[in-house]
Amino acid sequence: VRTKSDKTQVAQKAVLEFLLINHPIDCPVCDQAGECKLQEYYMDYDRQRSRFPLPEKVHKRKAVPVGPLVMLDQERCILCARCTRFLDEVTHTSELAIHERGDHCEIDLAPGKTLDNPYSANVVDICPVGALTNRDFRFRARVWYLERTPSVCGGCANGCNIEIYHREGTIYRFQPRANPDVNQFWMCDVGRMSYAGLQHEGRLTAPLVREANAFVRAPWALALGAAGRLADIARTHGPGAVGIVVSGQASNEEIYLARRLGEVLRARVAGMAWSPADAFHDDFLVKADKNPNTRGLRLQGLGPDGAVDALIAAAAGGDLQALVLHRVDLTAWVAEAAARTALERVPFLLVLDSEQRATAEYADVVLPIGTYAESDGTFTSHAGRVQRLWRAVDPPGEARPGWQALAELVASVGGEAPAASAAAVFAALACGGGPFAGLGYDTLGTQGSPAA
């Protein structure tokens, strides 16, 4: 096979000329610039002026909304049929089709349809030109200014591999990252748009300590000193006086450190994996479990076994002297009356969270922690695959990665825990044997590895 011969190069130029005959000269304003395959092929194989006068090009519709997330520009379309194949063969919804004939062929909606299936935005990813663009991302940033960091979607238990596009501390979009063992090349629209929920005005940005009836911003050292009251409670009231609840939103490293905190305080530790009763799911990627690390909880012995209900009952009944909640919103996840009673009656409440939620209003100390996009770590998917998270952006304000906040909390109550890095915490978890034995950040790579 010869790809550099004169005959081959003439054929390549001819194909590019056919593709560009009716293509508009939109490159300076096209939102696909920087990741357009047609631009790349023109520079690699063509580089010749068009012999077709600009006014004689076939004109079609531009900037046509075809769905909540997708905008169509028919003039830019090169009729590769990737989008129609995806909708025919992957989602089986067939919202788009090729209409008309000859050089008037165009992609358009099928009669009576709107591009509004749970995976609609994937057609944007596979479009090689700027014919299909994301309505949310359009004109927000040029891609050559953005950095990319591999990660895992935290929207559900499937663990779809993603790339986080960001710049100067702001996340601009999530896109799927290929992993044939998890999500192939796709991701759902809800997971794709979940980046917005990681950066909003409700984020916790500084430690808070309650004084009288109001919160006061405090330095981390002061807040950790106040949280050190847990050690006094444990010494005074004995084993089981402190309760710790960690959710399936936490990474494996954070769960390990929450368990370590429980060992130091001789506390009762429970895992909680809450999802809405009517949570959407399907047979493709989306799981009803909206926690990215429920399997991680179970593999560390914190499965949903009623332990949380027992802790809530103990707090409501006055049998629990302190409660630590890590990425847990009791007011939203438990019957309102039971949650409020427990939160009001427990003498000392420590909350570690990334958002200012109703549960934090009852706290004595609030420690702000970063989201999964703001920390290194690992999640374990519903299938038991352990996958890496890479820190894409820094936590806002004074917030710290969850593993770091927990390691410092363990130290503040007189315990020892790995504090050098998330990798060191995972190494300690793996050294403890069990399902994570033999795993490490170097062995997980970018595709992950099944737990034992």
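**Entry 1: Val328**

I started at Val328, which sits in the loop between strand E13 (322-326) and helix H11 (330-333). Helices here are DSSP runs of H or I with at least four residues, strands are runs of E with at least two, and both are numbered from the N terminus. Before going on I noted that this is a predicted model, where local features need pLDDT of at least 70 and side-chain atom pairs count only at pLDDT 80 or more, while totals for chains, interfaces and linings use all residues. Residues are numbered from 1 along each chain as its sequence is written, and side-chain values use heavy atoms, with hydrogens and water left out.

Is Val328 buried or exposed? Val328 counts as buried, because its relative accessibility is 1%. (Buried is under 20% relative accessible area, exposed over 50%, partly exposed in between, with a 1.4 Å probe and protein chains only.)

I then listed what Val328 touches, not counting residues up to four places away in sequence: Val245, Val246, Ser247, Met272, Trp333, Asp353, Arg357 and Thr359. Contact means heavy atoms within 4.5 Å. I also looked up Leu352, 24 residues from Val328 along the chain; the two C-alpha atoms are 8.2 Å apart.

**Entry 2: the cavities**

Val328 turned up again in the lining of the second largest cavity, along with Asp329, Val351, Asp353, Glu355, Arg357, Thr359 and Ala360. I put that cavity at about 30 Å³, and its lining divides into three nonpolar, one polar and four charged residues. For the classes, Ala, Val, Leu, Ile, Met, Phe, Trp, Tyr, Cys and Pro count as nonpolar, Asp, Glu, Lys and Arg as charged, and the others, Gly among them, as polar.

How many cavities of 30 Å³ or more does the structure hold? I found two. The largest cavity has about 100 Å³ of space. Its lining has 15 residues, and Cys77, Cys80, Cys83, Cys127 and Leu132 lie nearest the centre. By class that lining is 14 nonpolar, no polar and one charged.

My note on terms: on a 1 Å grid over the protein atoms alone, a cavity is a set of points where a 1.4 Å probe fits but cannot get out, and a pocket is an open set with protein on both sides within 12 Å along at least five of seven lines; lining residues have an atom within 4 Å of a point. Grid points are joined across faces, edges and corners, and a volume is the space filled by probe spheres set on the points.

**Entry 3: the largest pocket**

Next I took the largest pocket, with a volume of about 840 Å³. It is lined by 41 residues, with Gly154, Gly155, Gln249, Lys290 and Pro292 nearest its centre. Helix H5 (189-193) and strand E16 (377-380) are the elements that give two or more residues to this lining.

**Entry 4: Asn179**

I found Asn179 in the loop between strand E8 (170-176) and H5. Asn179 counts as buried, since its relative accessibility is 0%. Its side chain makes a polar contact of 2.9 Å with the side chain of Asn161. (A polar contact is a pair of N or O atoms within 3.5 Å; within protein, one must be able to donate a hydrogen and the other to accept it, and residues adjacent in sequence count only if both atoms are side-chain atoms.) Leaving aside neighbours within four places in sequence, Asn179 is in contact with Asn161, Gln184, Arg385, Gln387 and Gln447.

I traced an open sheet of three strands in the order E1-E2-E5, with antiparallel pairing. Strands E1 (64-65) and E5 (132-134) are at the edges with a single partner strand each, so one side of each has no neighbour in the sheet. Two bridges join E1 to E2 (residues 70-72); strands pair if DSSP finds at least two bridges between them. Val64 has Leu72 as its bridge partner in E2.

Glu75 is in the loop between E2 and helix H3 (82-89), and counts as buried because its relative accessibility is 11%. A polar atom of the Glu75 side chain lies 3.1 Å from the backbone nitrogen of Lys60.

**Entry 5: a hairpin**

Last I checked E9 (residues 208-211) and E10 (residues 214-217), antiparallel and joined by four bridges. Val209 stands opposite Val216. The hairpin has two residues between its strands, and Ala212 takes a positive phi near 60°.
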